[in-house]
Amino acid sequence: MLSLDSNLWVKLSGPYGSAENAPRLLQQLQQQFSQEVFDELFQEYLFHQNTIYTATYAVMPFLSRLACMTSDAAVRKELFINCGVIEANREEQHQTPYPPSWVELADAVGSSFCTQMYNDYVEAIDQLRSLTEQVLTDAAEATTDDMEKRYILIADAAFRESYIVANMLMTFTEGDEYVAECPDCKSEVYIWPDEHHNVPLHAYEQDPVFQPDQQAQAIIPAPSLTDEETQTLAERAARIGEQKLTAHLPYLAGKTTCPSCREHIAVWPALLSTFTM
């Protein structure tokens with residue numbers, strides 16, 4: 001873990017330039033967690049437009065340690081979720097000894113420093129993953145709004161290295177709509193709730209918001225969830241009371257007819273196919 005008084009922080013960058021002031025915010029968080037201070041750290045140094053930075057890697061071990069040490073369930077949840085969002089957006093996974101994009105940083109500070117910073121990040125993610133059971137238990141027992149529940153599932157998926165699923169859930173955070181791609185004709189398939197919500201989801205050729213009168217294609221729900229990822233999502237969504245995703249998953253794991261080419265398609269792989277990592 002990089003020392004907070006190290007002169008190397010100036011060599012690290014966030015979305016707006018040097019990370020030299022990040023240690024000041026970390027020191028404040030270590031003394032007492034403040035949502036305002038954390039938001040400043042996250043927005044100014046760690047994450048911007050689904051992008052993370054070299055400063056993000058250096059800060060993550062501090063956030064992981066805070067999450068593991070706190071006795072405040074709300075703070076633990078906040079750190080778990082936001083660190084999960086960071087991990088979900090890490091594009092250079094499994095790059096050793098460190099991400100290729102760090103070439104200039106390695107020239108400036110040395111490859112051994114970069115290797116250690118990368119290893120510290122990976123270890124921090126492992127530590128955050130170990131908090132999953134506690135966070136799920138806290139969410140099941142406490143009053144947690146639907147959006148927070150969704151983000152807990154996003155973070156959990158990221159920590160389990162199900163990055164595509166995490167990004168899919170993060171793209172459709174409201175859980176009211178999904179957009180898949182037909183594997184045969186490559187047309188978009190809009191997965192939308194029934195107008196009267198008698199059936200959770202239908203498939204449409206065009207965006208139903210702009211074409212409300214088009215014919216809907218029925219989705220035949222899966223009688224059981226056989227895919228490991230959908231099984232895990234269903235179990236954890238039910239556990240924390242994320243009722244919308246629990247109701248939608250059999251349909252997202254089901255089959256339908258492409259509204260454009262009329263070929264039969266499996267919804268789940270068609271949905272995930274639009275996301276790559």
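Which residues of α9 are buried? Let's start there, keeping in mind that this is a predicted model.

## A helix tucked inside

The buried residues in α9 are Tyr 163, Val 165, Ala 166, Asn 167, Met 168, Leu 169 and Met 170. Helix α9 covers residues 163-171, and because seven of its nine residues are buried, the helix is largely enclosed by the rest of the structure.

So what covers those buried residues of α9? The cover includes several other helices: α4 (73-88), α8 (146-159), α10 (228-240), α11 (243-252) and α12 (267-272). A strand, β5 (178-181), is also part of what covers them.

## The largest pocket

Next, take a look at the largest pocket, with its volume of about 310 Å³. Its lining is made up of 17 residues, and the ones closest to the centre are Ile 52, Tyr 53, Glu 92, Ser 101 and Trp 102.

## A closer look at Gln 217

Finally, head over to strand β8, which runs through residues 217-220 and includes Gln 217. Is Gln 217 buried or exposed? Its relative accessibility is 14%, and anything under 20% is called buried, so Gln 217 counts as buried.

Who does Gln 217 touch, leaving aside neighbours within four places in sequence? Its contacts are His 202, Ala 203, Thr 256, Thr 257, Pro 259 and Arg 262.

Technical notes
Residues numbered from 1 in each chain as written. Predicted model: local features only at pLDDT ≥ 70, side-chain atom pairs only at ≥ 80, totals over all residues. Heavy atoms only, no water. Helix = DSSP H or I, 4+ residues; strand = E, 2+ residues; numbered from the N terminus. Buried < 20%, exposed > 50% of the residue type's maximum accessible area, 1.4 Å probe, protein only. Contact = heavy atoms within 4.5 Å. 1 Å grid on protein atoms, 1.4 Å probe; cavity = no way out; pocket = protein on both sides within 12 Å on 5 of 7 lines; lining within 4 Å. Points joined across faces, edges and corners; volume = space filled by probe spheres on them.
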